[in-house]
Amino acid sequence: MMTTLLGGFVVWGGVGWLLDRWLETRFLTPVGLIVGMVLGIYAVVARYGRPPASPAKNPPRTDPPTARDVRSDPRSGPPPASTRREFE
């Protein structure tokens with residue numbers, strides 16, 4: 001993540017610096033640095049996504065599961081006898 005942030009900062013700052021030298025101006029280096037920071041942050045967020053939501057916003061379910069929930073859960077017990085494999 002750090003190399004992505006620093007890379008955007010250095011590359012676009014360098015592009016701004018080169019354009020400043022070529023066009024004989026003084027404002028493109030700071031513009032390039034800002035663009036590099038914004039693009040670096042965007043690349044990190046696009047790559048790694050948003051942080052997970054805090055538990056306060058999505059509290060865990062507190063009501064007990066019903067019999068229907070337990071029966072529909074495939075991990076709630078042993079598999080049916082027709083799907084078991086018996087080894088000799």
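The model is predicted, and local features need pLDDT of at least 70, side-chain atom pairs count only at pLDDT 80 or more, and totals for chains, interfaces and linings use all residues. Residues are numbered from 1 along each chain as its sequence is written, and side-chain values use heavy atoms, with hydrogens and water left out.

**Exercise 1. The chain as a whole**

Task: State how many helices and strands the protein chain has, and what share of its residues is buried.

Solution: 
1. The secondary structure comes to three helices and zero strands. Helices (H or I, at least four residues) and strands (E, at least two) are DSSP runs, numbered from the N terminus.
2. Along the sequence the pattern reads α-α-α.
3. Of the 88 residues in the chain, 10% are buried. Buried means under 20% relative accessible area, exposed means over 50%, and partly exposed lies in between (1.4 Å probe, protein chains only).
4. The accessible surface is about 8,200 Å², and 65% of this surface belongs to carbon and sulfur atoms. Accessible areas come from the Shrake-Rupley method with a 1.4 Å probe; for residues, only the protein chains shown count as cover.
5. Among contacts with a separation of 6 or more, 45% are between residues 24 or more positions apart. A contact means heavy atoms within 4.5 Å.

**Exercise 2. Helix α1**

Task: Compare the span of α1 with the expected span, then find which residues of α1 are buried and which are exposed on the other side.

Solution: 
1. Helix α1 has 22 residues and reaches 31 Å from its first C-alpha to its last, close to the 32 Å expected at 1.5 Å a residue. The expected span is 1.5 Å times one less than the number of residues.
2. The buried residues in α1 are G8, G13, G16 and D20.
3. Seen down the axis of α1, these buried residues fall within an arc of 110 degrees, so they line one face of the helix. The arc is that of the directions from the helix axis to the C-beta atoms.
4. The other side of α1 has the exposed residues T3, V10, L18, R21 and W22. V10 counts as exposed because its relative accessibility is 57%.
5. The buried residues of α1 pack against α2.

**Exercise 3. After α1**

Task: Describe the residue E24 by its place, its phi and its exposure.

Solution: 
1. E24 is found in the loop between α1 and α2.
2. Its phi is near 55 degrees, a positive value in a residue other than glycine.
3. E24 is exposed because its relative accessible area is 74%.

**Exercise 4. Helix α2**

Task: Repeat the analysis for α2: its span, its buried residues and the residues on the face turned away.

Solution: 
1. The 21 residues of α2 should span 30 Å at 1.5 Å a residue, and the end C-alpha atoms are 30 Å apart, which agrees.
2. L28, G32, G36, G40 and V44 are the buried residues of α2.
3. These buried residues fall within an arc of 135 degrees seen down the axis of α2, so they line one face of the helix.
4. The face turned away from the buried side carries the exposed residues V38, I41, Y42 and A46. Y42 counts as exposed because its relative accessibility is 59%.
5. The buried residues of α2 pack against α1.
6. G49 follows α2, and its phi is positive, near 75 degrees.

**Exercise 5. A nonpolar patch**

Task: Name the residues of the nonpolar surface patch and the helix that gives its largest share.

Solution: 
1. The patch, about 930 Å², is made by V11, W12, V15, L19, W22, L23, F27, V31, V35 and L39.
2. The elements that give two or more residues to the patch are α1 (2-23) and α2 (28-48).
3. The largest share, six residues, comes from α1.
4. Patches are made of residues with over 30% relative accessible area and no salt bridge, where like charges are joined within 9 Å and nonpolar side chains (Val, Leu, Ile, Met, Phe, Trp, Tyr) within 5 Å. A salt bridge is a side-chain nitrogen of Lys or Arg within 4 Å of a carboxyl oxygen of Asp or Glu.
5. V31 lies in helix α2, and V31 counts as partly exposed because its relative accessibility is 41%.
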